[in-house]
Amino acid sequence: MTGEGSILPVRRIVTPKDLEIFKESKSKDQIFGFIKALNEAVIGQPNDAQHESTPVIDSVAEALQTIAGIIKKHPASDDKASRFGKPEFHDFYDEVKQVAPGLVRAIPGMPESYVDEVSTYLIESWGNRTRIDYGSGHELNFIAFLLCLRELELITPDNYKAVVLKLFLGYLKAIRKVQTMYWLEPAGSHGVWGLDDYHFLPFMFGSAQLSTHKHLRPVSIHDTDILDMYADKYMYLSCIKFINSVKTASLRWHSPLLDDISGVKKWSKVNEGMIKMYDVEVLNKLPIIQHFMFGSLIPAPEGVSDPPKAGEEAPHVHNNWGDCCGIKLPSAIAASKMQHSNELRPIPFD
């Protein structure tokens, strides 16, 4: 316990039976409902759309800038002997863990008794310290951090557009710097047939942004001039441009799912598909959800495994050889930088 009514988040989904309980739980509805509401808030809204901020939104944005500044304090070495993660990530992660409670405490209206609970999600948003990797489960931790603020009524539905366009977008920019500096490995084996080595939600929110655009169509992702012109305005196009910067050949070879999606006629249909896919590929997959933590603000479903004893961790299921953390996967960013030390350049996909 971190305070009256507060519980330090721990893992509780450790068996297939736990996952089945979670799928039908209020906790899943709480998480997925929040994500869908954020998605709804940015339909037709480019990154630079007008939105009202609040002291809470501004405080979290400043916290993200502080964390981004920590990257500069711990630059990675120039050693290019390995395509795997850089050990300097440990120093970055440790400082984030050190400063996170203070950043959360500084959020206007934050109850002191919930600081440790909320901080846990913020810390785990930046990747895994041991494996030096990052995936959609870490991205989900940042959503959980924002959801905690909603549950504490520090943000409201009226703020959701700002939450996506200022906070989630700020987080995306910062975590891309982390991925690039420390060569974070993809967490899992979905790189080739998934959307992205690291992310899912920018594609969901980004397709919502584009769903009312009069001219741009899903096939536009193959036009480099359009990517150059609009990447700063739409998350989806920004992600495609980033992928193109570290992988060569066509999307058909290194990102076949994205290539297939580009054949859909309307962005609104892409967005509908993204919502369904997130449910199936993220929230309903044990290799991802077994890492999710439950506290008091996002409570564990009744009937799942008991919390671990003090000083112990919940059991870990290593199933589906590449879906979790059993197999290390090299970073495409690392491969790119091994050839060009000053900037990201395309490399042959291998």
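## Helix H1 and its packing

The buried residues of H1 pack against helix H2 (26–41), helix H13 (267–283), helix H14 (286–289) and strand E4 (293–294); contact means heavy atoms within 4.5 Å. Helices (H or I, at least four residues) and strands (E, at least two) are DSSP runs numbered from the N terminus. The model is predicted, with pLDDT of at least 70 needed for local features and 80 or more for side-chain atom pairs, while totals for chains, interfaces and linings use all residues. Residues are numbered from 1 along each chain as its sequence is written, and side-chain values use heavy atoms, without hydrogens and water.

In H1 (residues 16–23), Asp-18, Leu-19 and Phe-22 are buried (under 20% relative accessible area, with exposed over 50%; 1.4 Å probe, protein chains only). Because they cover an arc of only 100° around the axis, they lie on the same side of H1; the arc is taken over directions from the helix axis to the C-beta atoms.

## Largest nonpolar core

The largest nonpolar core comprises 105 residues, and Phe-92, Met-110, Val-118, Trp-126, Phe-145, Tyr-236 and Tyr-278 have the most contacts inside it. Such a core joins buried Ala, Val, Leu, Ile, Met, Phe, Trp, Tyr and Cys residues through side-chain atoms within 4.5 Å. H7 gives the most to this core, with 14 residues.

Leaving aside residues up to four places away in sequence, Trp-126 touches several residues, including Leu-64, Phe-89, Phe-92, Tyr-171 and Leu-184.
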